[in-house]
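Colleague: I would like a close look at one part of this model, followed by what surrounds it and what else the chains contain. Please keep to the coordinates.

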Amino acid sequence: GAVVSQHPSRVICKSGTSVKIECRSLDFQATTMFWYRQFPKKSLMLMATSNEGSKATYEQGVEKDKFLINHASLTLSTLTVTSAHPEDSSFYICSARALGDYEQYFGPGTRLTVT
Amino acid sequence: AQKVTQAQTEISVVEKEDVTLDCVYETRDTTYYLFWYKQPPSGELVFLIRRNSFDEQNEISGRYSWNFQKSTSSFNFTITASQVVDSAVYFCALLYTGGFKTIFGAGTRLFVKA
């Protein structure tokens, strides 16, 4: 099956710093990538949808200036949490979908802790 | 509106018991897909099954079985003879083709005790 990787798997950063999370499709071209956020014991909440070469579409309530998403190639999307605060601590999961496919393949997630 | 409801927040069973996880969905789209995912403590989502709206056949895969009923907008998941390794959070999800987005239910946390 299709494989999606995320890096890093865990990251701890200090309040006020920025952190970048990478999402890569390893064996297929991902025309669309999705970023989800999951709080402890909660469901996955879609943050944004990004199509390769286009600006990301953010869900209501998600600050686009805080969560910068770049999808510059068909195999890589990045999520940058800018000026991170403790409330940004969460589990971030990406998923990727190929053109014409309804299936989306999930990455293993990145656990962000902001101290 | 698109919505997925998993009314059971937590279920606790003893090993070898059968358990059914409920999922009710709402969508106006005629073409949609339903999914079940397992999320063990490691956090990685494990894909279990996908069903499209035109295929109401029930499916069995080993100890897992799924019952899709469009008449009641339900897509329930049964684990037969549960095992401790089945302990996880299970999510039901809906992909509606109108928006090409996947909506997740709140999840059901399953505890299987030895």
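Colleague: In which strand of chain B does B:Tyr32 lie?

Modeller: B:Tyr32 lies in strand 5 of chain B, which covers residues 32-39. Helices (H or I, at least four residues) and strands (E, at least two) are DSSP runs, numbered from the N terminus. The model is predicted, so local features need pLDDT of at least 70 and side-chain atom pairs count only at pLDDT 80 or more, while totals for chains, interfaces and linings use all residues; side-chain values use heavy atoms, with hydrogens and water left out. Residues are numbered from 1 along each chain as its sequence is written, and chains are lettered from A and ligands numbered from 1 in the order in which they are written.

B:Tyr32 is buried, at a relative accessible area of 5%; buried means under 20%, exposed over 50% and partly exposed in between, with a 1.4 Å probe and protein chains only. Leaving out residues up to four places away in sequence, B:Tyr32 touches B:Tyr25, B:Thr27, B:Arg51, B:Asn52, B:Ser53, B:Phe68, B:Lys70, B:Leu94, B:Leu95 and B:Tyr96, where contact means heavy atoms within 4.5 Å. B:Leu94 is 62 residues away along the chain, yet its C-alpha atom is separated from that of B:Tyr32 by 7.1 Å. With B:Tyr25 there is also a side-chain polar contact of 2.7 Å. A polar contact is a pair of N or O atoms within 3.5 Å; within protein, one must be able to donate a hydrogen and the other to accept it, and residues adjacent in sequence count only if both atoms are side-chain atoms.

A nonpolar core is a set of buried Ala, Val, Leu, Ile, Met, Phe, Trp, Tyr and Cys residues joined through side-chain atoms within 4.5 Å.

Strand 8 of chain B has an antiparallel partner in strand 7 (residues 59-61), joined by 3 bridges; two strands pair if DSSP finds at least two bridges between them. Here B:Ser61 stands opposite B:Tyr64, and the hairpin has 2 residues between the strands, with B:Gly62 at a positive phi near 60°. Strand 8 also pairs in the antiparallel sense with strand 9 (residues 74-79), over 6 bridges. B:Phe68 stands opposite B:Phe75 there. That hairpin has 4 residues between its strands, and B:Ser73 takes a positive phi near 50°.

Chain A has an open sheet of 4 strands in the order 1-3-8-7, with antiparallel pairing. Its edge strands are strand 1 (4-7) and strand 7 (67-73), each pairing on one side only. Strand 1 meets strand 3 (residues 19-25) over 4 bridges, and A:Ser5 has A:Arg24 as bridge partner.

The largest nonpolar core has 25 residues, of which A:Trp35, A:Phe67, A:Ile69, A:Leu79, A:Tyr92 and A:Leu112 touch the most other members. Not counting residues up to four places away in sequence, A:Ile69 touches A:Trp35, A:Ala48, A:Ser50, A:Ala56, A:Tyr58, A:Ser77, A:Thr78 and A:Leu79.

Finally, the charged pairs. Side chains of opposite charge can pair when their charged atoms come close. Over all chains there are 7 salt bridges, each a side-chain nitrogen of Lys or Arg within 4 Å of a carboxyl oxygen of Asp or Glu. A:Glu59 and B:Lys101 form one of them, at 2.7 Å, N to O. This pair crosses between chains, from the loop between strand 6 (57-58) and strand 7 of chain A to strand 11 (residues 101-104) of chain B. B:Lys101 is partly exposed, at 21%. Within chain A, A:Lys66 and A:Asp88 meet at 2.9 Å, N to O. They are 22 residues apart and link distant parts of the chain, and both are buried.

A:Glu103 forms a salt bridge with B:Arg50, the closest N and O atoms being 3.2 Å apart. A:Glu103 lies in the loop between strand 9 and strand 10 (105-106) of chain A and B:Arg50 in strand 6 (residues 46-52) of chain B, so this pair too joins two chains. A:Glu103 is buried, at 9% relative accessibility, whereas B:Arg50 is partly exposed, at 33%.
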